[in-house]
Amino acid sequence: MKIYHKKNFTFGLFALFLAALNLVLNLQQGFNWKDGALIALLCLLGAASLIRSLSQKYSHTDKVEELDERNRLVKLKSRSQAYYISQFVFLSGEIALCAWGKINDSEPCIYLGLGLMLAFFISLITDFFTWTYYDEYT
């Protein structure tokens with residue numbers, strides 16, 4: 001048995017591990033149908049990924065799809081747009097929570113706003129460092 005696509009293989013093992021862990025925890029705490037659906041979905045995804053990683057034909061198809069230029073461009077654009085949307089949400093949430101906390105004299109709202117400000121600041125710093133790295137080396 002040869003592994004042709006290691007990324008799919010590790011994802012399959014991880015999904016099966018999560019399913020087994022969830023099953024053990026649910027058997028200890030009482031079984032719920034929602035958790036049963038999650039366990040079934042994790043088992044299906046894990047098994048499918050393992051099968052695809054062990055098949056040479058399916059692994060080749062998956063690798064071609066990963067390296068396709070259009071798929072890479074779409075992935076790059078979607079990540080970039082998600083990054084800018086998250087920055088907007090952090091900034092607007094920070095302003096709204098800090099203002100709400102100041103108006104209602106609620107310290108927890110102000111602290112949540114400061115936490116979002118920290119997340120926004122970290123995203124700005126990472127944006128700056130990645131920009132300087134890619135400007136320098138590409």
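**Exercise 1. Find which residues Asn 26 is in contact with, leaving aside its neighbours within four places in sequence.**

Step 1. Apply the cut-off: contact means heavy atoms within 4.5 Å.
Step 2. Skip the neighbours within four places; Asn 26 is then in contact with Phe 31, Asp 35 and Ile 39.
Step 3. Helices are DSSP runs of H or I, at least four residues, numbered from the N terminus.
Step 4. Classify Asn 26. Its relative accessibility is 5%, so it counts as buried. Buried means under 20% relative accessible area, exposed over 50%, partly exposed in between (1.4 Å probe, protein chains only).

Some ground rules. This is a predicted model, where local features need pLDDT of at least 70, side-chain atom pairs count only at pLDDT 80 or more, and totals for chains, interfaces and linings use all residues. Residues are numbered from 1 along each chain as its sequence is written, and side-chain values use heavy atoms, with hydrogens and water left out.

**Exercise 2. State where confidence is lowest and where it is highest in the protein chain.**

Step 1. Know the scale: pLDDT is the predictor's confidence in each residue, from 0 to 100.
Step 2. Take the chain: the average is 91, and 100% of the residues score at least 70.
Step 3. Compare elements: H3 is lowest, at a mean of 84, and H1 is highest, at 94.

**Exercise 3. Locate the salt bridge and classify its two partners.**

Step 1. Apply the test: a side-chain nitrogen of Lys or Arg within 4 Å of a carboxyl oxygen of Asp or Glu.
Step 2. Search the whole structure; one salt bridge turns up.
Step 3. Name the pair: Asp 62 and Arg 52 meet through their side chains at 2.8 Å, N to O.
Step 4. Classify them. Asp 62 has 13% relative accessibility, so it counts as buried. Arg 52 has 31%, so it counts as partly exposed.

**Exercise 4. Check the span of helix H4 (residues 69-104).**

Step 1. Use the rule: the expected span is 1.5 Å times one less than the number of residues.
Step 2. Apply it: the 36 residues of H4 should span 52 Å.
Step 3. Compare: the end C-alpha atoms are 52 Å apart, which agrees.
Step 4. Look inside: Gln 87, Gly 93, Glu 94 and Gly 101 are buried in H4. The buried residues of H4 pack against H5.

Definitions and conventions
Helix = DSSP H or I, 4+ residues; strand = E, 2+ residues; numbered from the N terminus.
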